[in-house]
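Trainee: I have not seen this structure before. Can we go through some of the labels and ask what each one rests on?

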Amino acid sequence: MMLGIGLEQLPLVFALQGVALYAVLAGADFGAGIWQLLAGRGERAERIREHAHHSMAPVWEANHVWLIFVLVVVWTGYPQAFASMASTLAVALTAAGVGIILRGVAYALRSASSGAAEARAIDLLTAAGSLLAPFALAAAAGGIASRRVPLGNAAGDLWTSWLNPTSLMAGLLALVSSAYLAAVYLAADARREGDEEMVEAFRTRALVTGSLAGVAAIAGAFVVRSDARWIFDRLVDTPAVLSVGVSLLAGAATLALVARRSLGAARVSAAIAVAAVVGGWALAQNPLLLPGLTVDQAAAPDNVMVLLVIAILGGGLILFPSLALLFRLLLRGSFSAEPTVARDLTETGPTGGLTSAITATRLAGGCFGVGAAFLVIGEGAWPHAIGVALLAGFIVLGLSALAGEDARE
Amino acid sequence: MAFDAVAQQYLDQARQMQALSFAVHIPLVCFGIAFPAMVMRAEWLWLRTGDELYRVLAQRWTKVMVALFACGVVTGTILSFEMGLLWPGFMGTFGAVFGLGFALEGFSFFVEAIFIGIYVYGWNRLSPRAHFLSGIPIVLAGLTGSLFVLAVNSWMNDPGGFTLSGSEVTDVRPLRALFANGHLGYELVHMYLAGFIVTGFLVAAAYAVGRLRGQWGRYERIALTIPLTVAALAAPVQLLVGDWAAREVAKTQPTKLAALEGVGHTEKGAALHLGGWYRDGEVKAGIPIPKGLSLLAFHDPNAEVQGLDAVPAADRPPVNVVRVSFQVMVSIGTFLALLSAWYLFTRVRRRRVPSGRWFYRLLVLAGPASLVALIAGWVTTEVGRQPWVVYGVMRTEQAVTGAGGIPVGYATLASIYACLIVAVAWILRRLAHAPMSAGAEPEPIDKPVEAT
């Protein structure tokens, strides 16, 4: 079978890459929350929870934006498919939304908390969110894969669309593989920070959950075979089977790498294992997006797809260098290094004298008067634009006129 | 293959749920738009003067910024879920027309999230210059994000860029729909300014409370003047922009204008009414200003103003909700502009901050009042758009989901958001009461506050 990626498929391919990145990056974040839950009590447990928190904190926001990316690409490029999925999977998405709120609020609370007891209580919130969100999202994906989401406004069952054997297996697998990913990442982060106790703690966890993920994947195969024969047959057929094979190999390789303490390489292979599952699912379902609705049929008009692809590529030009910067700072340890005291301060006196402040004040006043006239009396786009520009000038000049914030009482 | 309208007995609850999600998210958006600029202003002053006070201020504000941004991220995620959860008819029919706006906004949001991460965790770990520069994309993304989201909202109010044949949307031109509609200009300027006004007055109000309680030193004064100066400059401009907005609404959405002003019947030389209540086609118990509305809306005292009776009753928004919200917004906006004038006059003429207790009492009031005005403004434009989700094209009832259980979802969200509001209050209190870190060695910003 030809893969044939045309304009109709291209945004979906980008969205699936977003799904894979979300599964890996947010998965690791949720997995860290699961380890906080399972840490138990005592001083060592506290260290485990602290390590899980501070390792994820700088990147969790960026990691979660991948979900938004997926949503907006799907609803722009495949509006009817998006509307069908979101309306039928409403309960699953609401549950996922609750999980995401808990995760975000817990993160915000953490920044203001003090003491071990508070941190423990807040980490419980993180953990609740970390169980709910990946389970519900994967269960929703399971509903789509097992053809329980038909085309139409809430045309499928609100409950069985995501609470069915395939969905439950998908949810379970998401939880186990998130925990696995997180354990690998947290072990590697601990190695970078030279915290050998945490390296060992998370290495053990990675070995256990990696094996569990393998067992869950095999059990899942049997469940899907009896529950959703169609997708199972496609998964074990070419081309999907190649991706599934890559996932299994990468998963096994990760276990071996973790066992050998090659944690940097394990990071990469663990990510591949998870991303390849998404790839396998996509290949198995291709060319159907929903039962009776192919990707071609679901696609928005060509000119919209072209604009969407341009937007994604253009956005990517800004996004990837920015992400690279963030992750380089993180992985290089810049965010966990000891603070450096600022040195290269440019010493200058208070800016501007009294005369320049008075000039700025007068100019600001002039801008306000003329800008107001353009905006209020003027008609049409240009007079209004000039008015807005002059009023912006008023604000900027005003700020500079009042720059001496040390105005005396 | 279009999405046909379905029966939904809980349409009102779906709308309330959407409104609640929006009301919780939008104040956080204001902080996302404006607060990074204020934090950076403090940091800039630190770089220029080397005065540690500014650094301490910027770092303390950074903690507030990141906590509020986190809450903004998740409440924004909920909003994007709800687009499909609650309004599949709207998404399925028009997703291709306006979706691009959100795709672009997604990248803005991404840039914001990435650089917030760098900025927050880079304090004292990047060179001061690199750290300052890492804040600039956050501020820019706040502007572009507003642009793209408001492009979608302004399209909903002034839809174009597509052809409707039956229930099929054809001839889709997304760029025209999003960026060539008549509402984008004023909606963007109005909301962007609102971000600075709400953030500025709320932050200043917090320090005004402190001052009334006797907490007043150089640190507090600077922490009050940085946000207040921005807000005070923006508030008078907002009055002019609001006037511009109303004139545009008069042109393109006459029924909305009629609801804003309670004009029951089409008339020439329509009066403006302050206060009062709309009933039986006219405003009762309001203070009339003869010909005021015609003059303000059309710059002609005898201009004809279209009344609500120009459209069937089923095409009219709930007049009093819209009208009262509008009047609340305008009254508070005027109050804020007057308070701003007082402040600016004292700063310019007397070269100091106001000293009377009454100024600070009013400033304490101005914080929450600005928030009320923000919400009232959104109620005005969104409820004023009813019964349409896409003005004049698609009714809200055609957009709504056919799924059951909306009240359960609504109750769930309401209770979670109640907890979120309590959590935010707790966080802000905690951060405000954290002891001042002094000296050259600042506390690491990602470690829990060592409060005792």
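Mentor: Start with B:Pro387, which lies in the loop between α11 (357-385) and β9 (388-390) of chain B. This is a predicted model.

Trainee: What makes the peptide bond from B:Gln386 to B:Pro387 cis?

Mentor: Its omega is near 5 degrees. Most peptide bonds are trans.

Trainee: Which residues does a cis peptide bond join in chain A?

Mentor: A:Thr238 and A:Pro239, where omega is about 0 degrees. A:Pro239 is found in the loop between α9 (229-235) and α10 (240-259) of chain A.

Trainee: Why is A:Ala154 called buried?

Mentor: Its relative accessible area is 16%, and buried means under 20%. The value falls under the cut-off, so A:Ala154 is buried.

Trainee: And why does A:Arg261 count as partly exposed?

Mentor: A:Arg261 has 37% relative accessibility. Partly exposed covers what lies between the buried limit of 20% and the exposed limit of 50%, so A:Arg261 gets that label. This residue also has a positive phi, near 65 degrees, and is not a glycine. Its place is in the loop between α10 and α11 (263-285) of chain A.

Trainee: How do you know that α5(A) is largely enclosed by the rest of the structure?

Mentor: Of its 21 residues, 19 are buried, so the helix is largely enclosed.

Trainee: What span is expected for helix α5 (residues 90-110) of chain A, and what does it reach?

Mentor: At 1.5 Å a residue, 30 Å is expected for its 21 residues. From its first C-alpha to its last, the helix reaches 30 Å, close to that expectation.

Trainee: What else describes chain A as a whole?

Mentor: Chain A has 15 helices and two strands. Its C-alpha trace spans about 80 × 55 × 35 Å along the principal axes. Of its 409 residues, 54% are buried. Chain A exposes about 16200 Å², with 71% of that supplied by carbon and sulfur atoms.

Trainee: How are the charges of chain A set out?

Mentor: There are 24 positive and 27 negative side chains in chain A, and the centres of the two sets lie 8 Å apart.

Trainee: How do you know that the radius of gyration of chain B agrees with that of a compact globule?

Mentor: With 452 residues, a compact globule would have a radius near 22 Å; chain B has 23 Å, which agrees. Along its principal axes, the C-alpha trace of chain B spans about 70 × 50 × 40 Å.

Trainee: What secondary structure does chain B have, and what share of its residues is buried?

Mentor: Chain B comes to 13 helices and 10 strands. Buried residues make up 63% of its 452 residues.

Trainee: How many of the contacts in chain B between residues at least 6 apart in sequence join residues at least 24 apart?

Mentor: In chain B, 78% of those contacts do. The corresponding value for chain A is 79%.

Trainee: What about the surface and charges of chain B?

Mentor: Chain B exposes about 16400 Å², and carbon and sulfur atoms supply 64% of it. Its side chains include 35 positive and 29 negative ones, with the centres of the two sets 13 Å apart.

How values were computed: Residues are numbered from 1 along each chain as its sequence is written. Chains are lettered from A and ligands numbered from 1 in the order in which they are written. Side-chain values use heavy atoms; hydrogens and water are left out. Helices (H or I, at least four residues) and strands (E, at least two) are DSSP runs, numbered from the N terminus. The radius of gyration is taken over C-alpha atoms; the globule rule is 2.2 Å times the number of residues to the power 0.38. Buried means under 20% relative accessible area, exposed over 50%, partly exposed in between (1.4 Å probe, protein chains only). Contact means heavy atoms within 4.5 Å. Accessible areas come from the Shrake-Rupley method with a 1.4 Å probe; for residues, only the protein chains shown count as cover. Lys and Arg count as positive and Asp and Glu as negative; His and the chain ends are not counted. The place of a charge is taken as NZ of Lys, CZ of Arg, CG of Asp or CD of Glu. The expected span of a helix is 1.5 Å times one less than its number of residues.
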